[in-house]
Amino acid sequence: MSLEWLVAVLLLAAALWPLARKTRSWWARAGALFLIVAALSGGFVWKSRAHHKLTARQQLLQKLPGETRPGGYVRSETCRSCHPDQHASWHRTFHRTMTQHATPESVRGNFTNQTLTWKGDEYQFRRRGDEFFVEMNDPAWAFARAQQETSFQRGLGPKPAPLEKPPRVEKRITLTTGSHHMQAYWVAAENGNQQFSVPFTYLFEEQRWVPRNDVFLLPPDSPPLPQVWNNNCLGCHATAGQPEPGALEPGALTRVAELGIACESCHGPGEAHVRANVNPRRRYALHRGTNGDPTIVNPARVSSKKSSEICGQCHAARFSLNHNEWLASGTDYWHRESIDANRPLIPGHKMRELTNDWDAEQVAHKQALAGYFWNDGMVRVSGREYSGLVETPCFQRGAMSCLSCHSMHKSEPADQLARGMEGNAACYQCHGDFKTKLTQHTRHAANSSGSLCYNCHMPHTTYGLLKGIRSHQITSPSVQSSLDTGRPNACNLCHLDQSLTWTAKQLNAWYRQPEPRIAGDLASAPASAVWLLRGDAGQRALLAWHFGWEPARQISGTNWLLPYLAETLDDPYSVVRYIGQRSLKQIPEARRLDFDYLAPAAQRSLNKSTLLQRWSSENLPPREQAKILPPQEIHKLRQARDQRPMELLE
Amino acid sequence: MNRPASPEPNDDSLALVVRRHLRVGWLSLLVFLTLGLVLEALHGMKVQFYLNAMNETRRLMWTLAHAHGTLLAVVQLGFAFTAHHVPAWPARTRTIASYSLIAAGVLMPGGFFLGGVWVYAGDPGLGILLVPVGGVLLFVAVLLTALSLKHLKDVPPASRRVTSK
């Protein structure tokens, strides 16, 4: 009998013995006996359930990266003791839930006996009790195979043996990634705590599983993304991840301070802070003072440059000067003078000159990474906001930081905009003089979307998460930039029906911007349509999204967009098709049609032709009809499409 | 007027019951107020064994132990007061109510406390199962005490006057 049982039984006996001794009624004695038996049998059931739960949890934890990273980290549970409000506000965020243990509370995918196939392989998702499983080809085998093939392609290894029948395994889901729009899942290796991705992602809005390749902007028919969490994701999806050398080898033992992006990601290791503040006198002295506590970092109290850099640990396009060192030390921002010492920003404007600083692993990805930037160096994939911010004059010459607009604790989880910063208030903090001359500057009605600072200066020109996302490099609309880089300008992203010539004239008349010489289709056709039809995959995704963007549709009208959006239904890039069909659903004529962006190519073409056959421009007013290019023009633009392979992985 | 039932040899006398509940009541008040001081000290010193979010269950259980223990200590005193003012309460049911209340005063806070000593992944230890047993006994004690009030009218007028002073 364990000590717990012994103490409980003794307490029960001690409490009931005097009662039993004094009671002569058999009914009362039977009642007391019943209580004892019920308590003991309940105890057995309770104990066995608790034991099972504990065992299952321990089995799960053994397979996960240990939350044991050295370096003075104490985890968020400890922080909550003194900072319950901050803990609660953080607990609501998608930062916390970026990486979670796979539990009934965290898993949002449908695991009720789902069978899916992709590239000829079958995946069976199921749930047993509180545990989630997938039956699939052994991911460790698949990963090793992918590595062999990569080595062979680079001339670094022998040709892999002919494909054998992959071993099938049933794996327990260990980790989840994401909780906002979609969720990805991981399974553990047999030895160590390597985590392999399950090649399906669950989309919340659609409530469906889709292949992982089809939620990223990737060239069609890209091979499966052979992802190992320990080597890559832990850098930003966990707190202070430490991959350890050999993170890609079987038996790797990766460590983190905490799964998910927790307190110590932004405040640094908390051990010294906790130790110092055991003393209540010190705490109350700090409460009464105004200087803050030097034993911990508070991003709101450091310089704007430093506080932004804290966000920029992750929200930036960086590369490792020494990948092996990174594997050894991991995310080690708080123990270094500067993050740039070993993980500098990728200089987007110099991508073509790069660079002897890159190690072989990075050079292999250079071409793909070059696609992450517009030609002038502006980052074009989301999640790299700091890379845009540092190129912004407000940051370079002013006091602007991420915290000027965002708050981690006083905000709603979706965008984490600080309270009151949803409109122009954020910009008015420094540019208050525009309050009184807003319409004079914007030339739009005061309460219109055209008078919101960020619609013109932070348009949605970065791509990620199956949508357009605001650029965090603050600029002014420029036709010349659009011509030079292909990046749509803010004017044409709202005025979808206007040409670049129109925009150039407006900018010249209003802001004296020189009118560049515009040739070809962009001179007369709606610029948005040209980019949608002729642009690269990233441009097409952005424009497809803007065709469904409410402010743009209000300004430009809706029905004339249909023949252009129909062209996205058979786009080779699945995310373009996904975004295009979502925008189409906002057009009344297309709302009831059922498109599946992952349907076979023939079906997709059929969807498109069916849609176009049913629709007729004759019902449109002449003004809207004029916005639609003749079919042969549309065909010509499609033929001229920028077909270079694009990869935008947020 | 109904006479109080004559006590069986096994039943405790009124004076014994009152003395016992006064002792138990004040002693358990001392114990559970001390527990309160200990818990406050754990807060003051930010002891992670108690405050860490991983120990949420322990904190809840021990807080409940403190609250129930203190409240039941006061109830013990209230029982002594009631028994003293209802001398016509039959000794047999009074004895059962007395021991049930004392058992509840041990099992409920004790169960909560034990439930916080051993914690299983967010669930309390099996000591928590003593709490419903204590709850049933508390119910019995309170029921018998409430029913005993019908004997209030059996108290001689002189005794009432003395009592009211």
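Predicted model: local features only at pLDDT ≥ 70, side-chain atom pairs only at ≥ 80, totals over all residues.

Colleague: What makes β2(A) and β3(A) a pair?

Modeller: The cut-off is at least two bridges. Strand β2 (residues 114-118) and strand β3 (residues 121-128) of chain A have 5 bridges, in the antiparallel sense. Therefore they count as paired. In one of these bridges, L116(A) has Y123(A) of β3(A) as its partner.

Colleague: What do β2(A) and β3(A) form, and how many residues are between them?

Modeller: They form a hairpin, with 2 residues between the strands. In the turn, K119(A) has a positive phi of about 50°.

Colleague: Which residues of α10(A) are called buried?

Modeller: In helix α10 (residues 304-312) of chain A, they are S307(A), S308(A), E309(A), I310(A), C311(A) and G312(A). Each is called buried because 20 or more other C-beta atoms lie within 10 Å of its own. Their cover includes α7 (263-267), α14 (385-389) and α15 (393-396) of chain A.

Colleague: Which residues have the most contacts inside the largest nonpolar core?

Modeller: That core has 68 residues. L217(A), V530(A), A541(A), A544(A), L565(A), V575(A) and I579(A) have the most contacts inside it. Elements that each supply at least two of its residues include α21 (500-511), α24 (537-546) and α27 (574-584) of chain A.

Colleague: What is L217(A) in contact with, beyond its neighbours within four places in sequence?

Modeller: Its partners include Y463(A), A541(A), V575(A) and M646(A).

Modeller: Another core, of 50 residues, lies apart from the largest one. Among its residues are A15(A), L19(A), A39(A) and V86(B).

Colleague: What does chain B look like in outline?

Modeller: Chain B has 6 helices and 2 strands. From the N terminus, its elements run α-α-α-α-β-β-α-α. Buried residues make up 43% of its 165 residues.

Colleague: How many of the contacts in chain B with a separation of 6 or more join residues 24 or more positions apart?

Modeller: Such residues account for 80% of those contacts.

Notes: Residues numbered from 1 in each chain as written. Chains lettered and ligands numbered in written order. Buried ≥ 20, exposed ≤ 12 C-beta atoms within 10 Å, placed from the backbone. Helix = DSSP H or I, 4+ residues; strand = E, 2+ residues; numbered from the N terminus. Contact = placed C-beta atoms within 7 Å. Core = buried A, V, L, I, M, F, W, Y, C linked by C-beta atoms within 7 Å.
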